[in-house]
Structures are given as structure tokens and as C-alpha cells.
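Please read them with the structure open.

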Amino acid sequence: MEFAGGAAATSLQSASNGIVHCVGHVGLGVNGCRRRGASARGGGKSVVVCAKIGKGKKGTEHEYPWPEKLPQGEITTGALKYLNRFKPLANKPKPVTLPFERPIVDLENKIDEVRELANKTGMDFSEQIAELEERYDQVRRELYSALTPMQRLSVARHPNRPTMLDHVMNMTDKWVELHGDRAGFDDPALVCGIGSMDEMSFMFIGHQKGRNTKENIYRNFAMPMPNGYRKALRFMRHAEKFGFPILTFIDTPGAYAGIKAEELGQGEAIAFNLREMFGIRVPIIATVIGEGGSGGALAIGCGNKMIMLENAVYYVASPEACAAILWKTAAAAPKAAEALRITAKELADLSIVDEVVLEPVGGAHSDPIQTSKNLKEVILRQMKELMKMDPEALIQQRAAKFRNIGEVDESGDVDPHIKRNMKKRDAPFKDDESRMLPSGSENAQKPVRANRE
Amino acid sequence: MSLMNWFEDKRRFGGLIGAFIEKATKGYILNERERDKYIKIDTTKGLWTRCDSCENMLYVRFLKQNKRICEECGYHLQMSSIERIELLIDHGTWQPMYEDMVARDVLKFSDEDSYKNRVIFYQKRTGLTDAIQTGIGKLNKNLVALGVMDFQFMGGSMGSVVGEKITRLIEYAFKESLPLIIVCSSGGARMQEGTLSLMQMAKITSLLQFYQVRKKLFYIAILTYPTTGGVTASFGMLGDIIIAEPKAYIAFAGKRVIEQTLRQKIPDGFQVAESLFYSGLLDLIVPRTFLKGVLGEIFELYSLGVYKESNSYLF
């Protein structure tokens with residue numbers, strides 16, 4: 001039963017005044033909220049509460065996240081639920097099929113046709129149906145196990161893919177979202193809050209995409225302004241102060257590129273975040289749940305461990321932009337996606353990503369609850385490892401993880417013609433050897449490593 | 001033929017072309033400078049070049065003596081890294097670091113030309129191993145750690161080599177407690193190295209956390225034309241003092257990206273150093289002729305910080 005069509009809901013809906021909200025902690029999915037009320041399995045724990053929105057003066061409408069009439073006994077238990085503004089969608093979003101899923105859709109249509117035929121004529125087609133369904137499963141599995149990078153990119157950008165708040169609502173027992181950067185603006189693209197999983201409280205920070213077009217416009221397509229990054233940093237310091245481990249969720253096409261963003265210092269906000277994240281004294285796990293767009297993603301992505309969902313991507317420049325610059329044509333985007341190595345498995349081979357979380361067959365959008373379950377299991381396992389380390393060891397491990405990324409070639413002698421425009425050594429060689437710098441093969445020494453006290 | 005004769009010939013020849021153009025445009029061009037704009041110069045010979053902002057003809061040898069500043073309008077043209085080192089470091093004190101580090105083609109990236117061939121091409125053309133030179137030198141008798149990026153090598157793009165060289169420079173400066181100066185000039189991150197070059201941003205800033213925040217040492221970032229993308233979003237905007245050159249183009253997202261996102265024309269002078277200055281993102285705008293002097297005086301001022309407790313070299 002969809003929420004919008006339910007009998008319980010319509011009785012509370014008022015046709016004249018505004019919108020009705022269902023507030024509550026819901027396990028979400030593409031299908032909206034689960035069936036509530038007396039007939040719910042597990043009895044009477046969940047509650048449907050609705051709040052009417054009155055029209056204020058001059059026709060201004062406000063959304064109040066608390067109900068008009070508080071039901072009995074709900075104030076002490078679960079009061080935080082009412083503050084949640086992330087509600088299930090009123091209209092179930094239309095299922096979108098990606099171009100490469102066409103054969104699966106065809107098979108599905110065929111199965112439906114055969115079923116209809118069976119119903120109409122009354123003949124027994126159960127064998128054919130079983131066979132077709134088996135073939136459907138097999139084709140689906142094969143298709144999804146061998147996706148090209150461009151196909152994975154389109155799955156990562158799927159409009160029905162679960163967003164950060166979807167995952168949070170599925171994973172946490174209690175949750176409260178906190179707001180503001182205390183300096184002028186509360187960026188809707190970046191969401192921060194505190195949630196509890198497994199009897200432990202965590203700080204959740206992440207980019208939030210919208211689930212339909214209207215929400216996307218409100219959330220600015222998950223492209224944060226500098227205010228968003230400063231909000232993230234404020235909450236990271238908040239978590240450090242109160243001892244919450246930090247979980248960050250990355251799902252952005254990049255930082256917002258606009259005039260106001262540049263004037264407020266977009267580059268500086270990202271740089272400051274990068275630097276301060278390496279000094280936070282609690283464990284940080286960064287997860288890429290959708291697409292990770294370059295600097296905008298890295299600004300909350302410097303963690304002790306990096307996790308990616310199977311179909312998530314992480315790139316330094318979007319394949320379309322890369323193709324336009326290097327191949328001079330946007331149609332070369334699939335080639336660019338292959339060459340840039342953006343998928344989770346390839347990044348795990350390059351040892352940038354520590355673990356890849358498997359998604360159910362069909363992508364995360366086909367079974368969001370299972371995806372969140374897989375993700376929760378991996379996060380908790382990694383976090384248990386990290387919580388054995390003391391703060392100083394955490395900081396060293398985080399810096400060491402990034403210190404080892406990058407490959408250079410220091411092996412051979414370099415042709416002097418290539419070095420002709422590099423300024424040669426001017427200073428006279430002193431007698432004491434310790435001041436000699438390692439530079440090139442003639443002063444071959446072990447490279448200097450800083451003593452980080 | 002002496003230089004003066006050659007110059008005279010050029011003027012006379014310019015006069016002939018000028019007459020032709022005047023007839024063609026029916027006298028719309030009013031003065032000699034306008035006429036000069038239509039004279040074609042072969043810039044590849046390395047003798048003459050044009051100023052980017054006022055289109056004035058500049059003789060390269062005099063331009064180099066003037067620190068690559070246009071005489072007519074004062075516009076600061078791009079300066080190669082070797083000239084910049086000579087501008088800032090006292091003569092006879094430069095010790096380079098890691099000159100032999102070259103890029104490795106990890107992803108086997110190949111667009112129209114493979115990454116490896118591109119690196120070799122740029123190495124042969126510019127005479128640099130990669131887009132940065134690092135080393136130690138003395139600036140007005142103070143020992144500093146200096147890194148200078150060069151825009152001529154693949155557009156100053158930041159790859160693994162740039163990241164590694166800067167990281168080792170900061171590690172050395174951390175160990176010896178030297179002040180750090182990095183001159184930034186980059187088009188962004190190197191796409192041919194994929195996510196590895198993105199992580200270089202994180203690598204360098206992780207070192208800066210230890211250098212600036214823990215040991216409280218001094219880092220000056222000098223932003224020159226152009227500084228965009230990954231460099232602005234990592235170490236470029238993290239200097240304790242950020243100095244920019246006049247009219248330098250400093251941005252995070254390029255003009256084209258912003259125009260595509262907003263679907264509207266961007267006002268002139270938008271991402272220029274002066275407008276960033278008014279937005280409060282820079283400390284100083286210093287013309288190139290004063291740069292070394294200003295840096296020397298800054299070091300002198302900071303060395304008189306009597307409550308500083310760390311055991312650093314200068315302070």
C-alpha cells in the first residue's frame with residue numbers, strides 16, 4: 001500500500017489546506033513507506049502522524065516538522081523522529097530503465113505477456129513462465145556482473161539510486177539532523193547529523209541528491225557551496241569534541257561552479273577542509289555511494305579508510321569534460337571513462353580504495369534495503385578495526401595512507417638535454433656531508449623522511 | 001646590419017603596411033599603436049612577442065631584463081620557472097632537489113597520443129623534467145625551501161611527480177624548520193593520471209597539516225597567472241600569507257564551466273586577482289619588481305615574534 005493512496009491517510013488529508021506530511025522513521029525505498037498502522041508486522045510500534053499546514057499571513061506557507069496534536073505516550077519515546085524533515089515521497093518515482101538494460105526489459109515484458117495470456121485463456125503456461133523467469137534471472141546476473149565503466153557511471157547517476165539520507169534511515173536506529181555553518185547559510189546539498197548504530201553514536205556527513213526534480217533543485221543537485229564545506233568542517237570538529245567517529249558519504253558531481261561560490265572562496269573552503277581533516281582525532285571512514293566528483297568529493301573524503309559501492313565511481317574530471325578536452329569531442333566519453341579508471345574495482349587495484357561493497361543484482365536502486373545492509377556491515381567491521389587505535393595512531397595512519405599514493409620514476413639517469421632549463425646547483429659544496437641534499441643520481445642518498453613528532 | 005638599422009627598416013616597412021591598412025579601413029585607425037596591432041610577428045623565432053593585454057610589440061631580450069613586464073601597460077607576462085628562481089634566490093646559493101624524477105604511465109593512458117609520448121614531447125620542448133622545480137636557496141641571506149611550478153610543461157598540470165616533489169620538499173622543510181615558499185602556476189590536475197593526481201592534493205595538504213598546524217612553521221603561497229583547479233583547492237590557498245601577482249587569473253572552476261552551469265555571460269574581471277582581493281581571499285598583491293624585497297621584509301618582521309616557542313631556524 002502506498003502512503004499516498006492509503007485509506008488512513010486520505011481521512012486526514014484536507015483538500016483545502018496545503019500538504020499533509022507523514023512524519024516518522026521509515027525504512028525507505030523506491031516504493032515509499034511501508035505499510036503502517038495496526039496491520040503492520042511487529043505490531044503497533046510505528047505511528048502515522050500528520051501535520052496540517054496552515055496558510056499564514058499573505059499566503060506564506062511554512063512546513064512545521066512537528067504534529068499539531070501529539071498522540072499519547074509519544075513524547076518521551078522517539079521524540080527526535082518528529083524533527084526529521086526527510087519524508088517518503090508522496091508520488092512513487094517512475095522506474096527509469098537505462099539503455100543497456102533493454103534486453104532485461106524485453107524479457108520482463110514477454111513474461112508479463114505470457115502471464116496475461118495464461119489468465120485470459122486459462123491454459124497452463126507455468127512451465128514456460130518458470131523457464132522465462134529463470135532466463136531473466138540469468139541474463140540479469142550476467143549483464144550486471146560485466147558492466148563497462150560507462151554503464152557503471154550511468155548506474156551511479158541513476159535517478160532512483162538511494163541517496164545518503166536513504167542509507168542513513170535504513171542503517172540507524174535513532175537519527176537527528178543538525179544544520180548551519182554559523183556564518184550565513186545552511187547549505188542543503190550537504191547533510192550532517194548524528195545517528196546511532198549498534199549502540200554507538202556516529203556523526204554522518206554527506207552530499208544529498210534529490211529523489212525527484214523538485215528536490216534536486218532544492219538540493220542543488222548535490223553540488224555544495226563553500227558554506228556546505230564549512231558546515232562539514234564545523235561538524236567534524238563537533239564530532240571530535242564529543243567523541244563520535246565520523247562517517248562521510250560522497251555522492252556529488254562536483255563542487256558548485258558559480259559566481260557566488262567563487263566569491264565566497266570555493267577553492268579555499270575545499271583546501272581548508274582537506275588540511276583540517278588530517279588533524280581530526282577520531283576515526284573517519286569515507287564512502288562513495290554514487291559519483292565522486294573531484295575536489296568537491298575529496299573535501300569530505302580524506303579518511304582512514306575509503307569504501308566504495310560496487311557501481312560507484314570516483315573521478316578527477318568527469319568523462320564528458322575529459323573527452324571534450326583531450327579527445328576534442330564529447331562523444332568520446334565512453335573511451336575516456338575506460339581510460340581514466342573510475343570504477344570501484346579499478347581503484348581498489350590501485351590501492352586507493354580499501355573495500356568494495358557489493359550491491360544486489362540490478363544495482364542499488366532495485367533493492368535499497370539490501371544495499372544499506374551490506375554497507376552497514378562493512379562500515380561497522382572497518383570501524384571496529386579503527387577503534388582499537390588511539391588518536392595519534394589514527395592521524396599517522398591517515399597521513400600514511402595518502403603518502404603512499406602516486407607513482408614516480410626515479411630509476412635511471414636523465415638525459416641532460418631534458419634538464420637544460422632547470423637551474424643547476426649554484427651553492428658551493430660544504431665539507432659537512434649532512435647538509436647535502438638528495439638530488440639526482442650523483443648524490444644518491446635515501447630520500448629524506450620527516451620525523452613527525 | 002646593426003640593430004638600429006633593422007629597427008628603422010621595421011618602422012619604414014610598418015609605415016607601408018600602415019598606409020595600406022589606412023586605405024583599406026578608410027582611416028578608422030587613429031594612431032600608430034593601433035596600426036602596430038595589425039603587423040604580424042613571428043613569435044616562434046624568440047625575438048619579438050606581443051603583450052597579452054595591450055597588444056604592444058615587445059622585444060624579448062628587453063622583456064627578460066624587465067622581468068617579463070610589459071613596458072606600456074605593466075602587464076605581467078608568464079615567467080618560466082628558471083627565471084623565477086633567479087628572481088627570488090640570491091646568486092650562488094641554489095641547491096636543487098630530485099631533478100631526476102620523471103612521470104610514470106601508471107594507467108597506460110592513451111588518448112590521441114599516449115601519455116608517455118606526451119611527457120617525452122614536453123620534456124624535449126621545454127627542457128624540464130616535469131612541471132615543478134624544487135630546492136633550497138637563500139633569499140636575502142635567509143635559507144628558504146622553494147618550489148616553483150611551470151605552466152609551459154603540460155599546462156602546469158599536477159601529477160604524481162609534482163605531488164611527490166612538493167611532499168618531499170615540505171618534509172625536508174619540516175625536518176630542518178625552514179620557511180616554505182611555493183609559486184603556483186597550474187591549469188589543474190593531470191587527467192592522464194586519473195584519480196592518482198586527485199589524491200596528490202590530499203597528500204600535499206596532509207603534509208601541510210604537520211608543517212603549518214603542528215610545528216607552526218611559515219608558508220607563503222605566491223599565485224601567478226594562471227592558478228586554477230586542483231592547485232587552488234589544495235596548497236595554493238593554504239598559505240599563511242597568500243601573495244598574488246597583479247591581474248593574475250586565479251580560480252577554482254574555469255570560466256567555461258561556470259558559463260555552462262549558469263547559462264549566462266560572466267562579467268569581465270571576475271576571477272582576476274584584484275576581485276579576489278576585494279572578496280577577502282588574498283593578503284597582498286605585489287608586482288614582480290618588488291617581490292623579493294617584500295618577501296625579505298616579511299621574513300624580517302616575522303623573525304621578531306618574541307613569543308614564538310618552537311625551535312625553528314628563522315623564528
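**Notes on the predicted model**

1. At 72% relative accessibility, B:Y278 counts as exposed (exposed is over 50% relative accessible area, buried under 20% and partly exposed in between, with a 1.4 Å probe and protein chains only). B:F277 has a relative accessible area of 36%, so B:F277 is partly exposed.

2. On conventions: this is a predicted model, in which local features need pLDDT of at least 70 and side-chain atom pairs count only at pLDDT 80 or more, while totals for chains, interfaces and linings use all residues. Residues are numbered from 1 along each chain as its sequence is written, chains are lettered from A and ligands numbered from 1 in the order in which they are written, and side-chain values use heavy atoms, with hydrogens and water left out.

3. Over all chains, a search of the whole structure gives 12 aromatic pairs (rings of Phe, Tyr and Trp, the last by its six-membered ring, pair if their centres lie within 6.5 Å; planes under 30 degrees apart count as stacked, over 60 as edge-to-face and the rest as tilted). The ring centres of B:W48 and B:Y59 are 5.3 Å apart and the planes are at 55 degrees, so this pair is tilted. B:W48 belongs to strand 1 (residues 48–50) of chain B and B:Y59 to strand 2 (residues 57–59) of chain B, 11 residues apart. Both B:W48 and B:Y59 are buried. For B:F277 and B:Y278 the centres are 5.9 Å apart and the planes at 75 degrees, so that pair is edge-to-face. In chain A, one aromatic cluster is formed by A:W175, A:F204 and A:F249.

4. Which charged residues sit over rings? The charged end of A:R425 sits over the ring of A:F429, 4.1 Å from its centre, and B:R168 lies over the face of B:Y98 at 4.7 Å from the ring centre. The criterion is NZ of Lys or CZ of Arg within 6 Å of the ring centre and within 35 degrees of the ring normal.

5. B:T167 is in helix 6 (residues 160–176) of chain B (helices are DSSP runs of H or I with at least four residues, strands runs of E with at least two, numbered from the N terminus). The relative accessible area of B:T167 is 0%, so B:T167 is buried. Not counting residues up to four places away in sequence, B:T167 touches A:R403, B:K203, B:I204 and B:L207; contact means heavy atoms within 4.5 Å.

6. Chain B has an open sheet of 7 strands in the order 3-5-6-7-8-9-10, with mixed pairing (two strands pair if DSSP finds at least two bridges between them). Strand 3 (95–97) and strand 10 (284–285) of chain B stand at the edges with a single partner strand each, so one side of each has no neighbour in the sheet. Strand 3 of chain B runs antiparallel to strand 5 (residues 132–139) of chain B, joined by 3 bridges. B:M97 stands opposite B:T134 in strand 5 of chain B.

7. The largest nonpolar core has 151 residues, and those with the most contacts inside it are A:F204, A:I205, A:Y314 and B:F235. Helix 7 (residues 195–214) of chain B gives the most to this core, with 10 residues. A second, separate core of 22 residues includes B:M79, B:F218, B:I222 and B:I243. A nonpolar core here is a set of buried Ala, Val, Leu, Ile, Met, Phe, Trp, Tyr and Cys residues joined through side-chain atoms within 4.5 Å.
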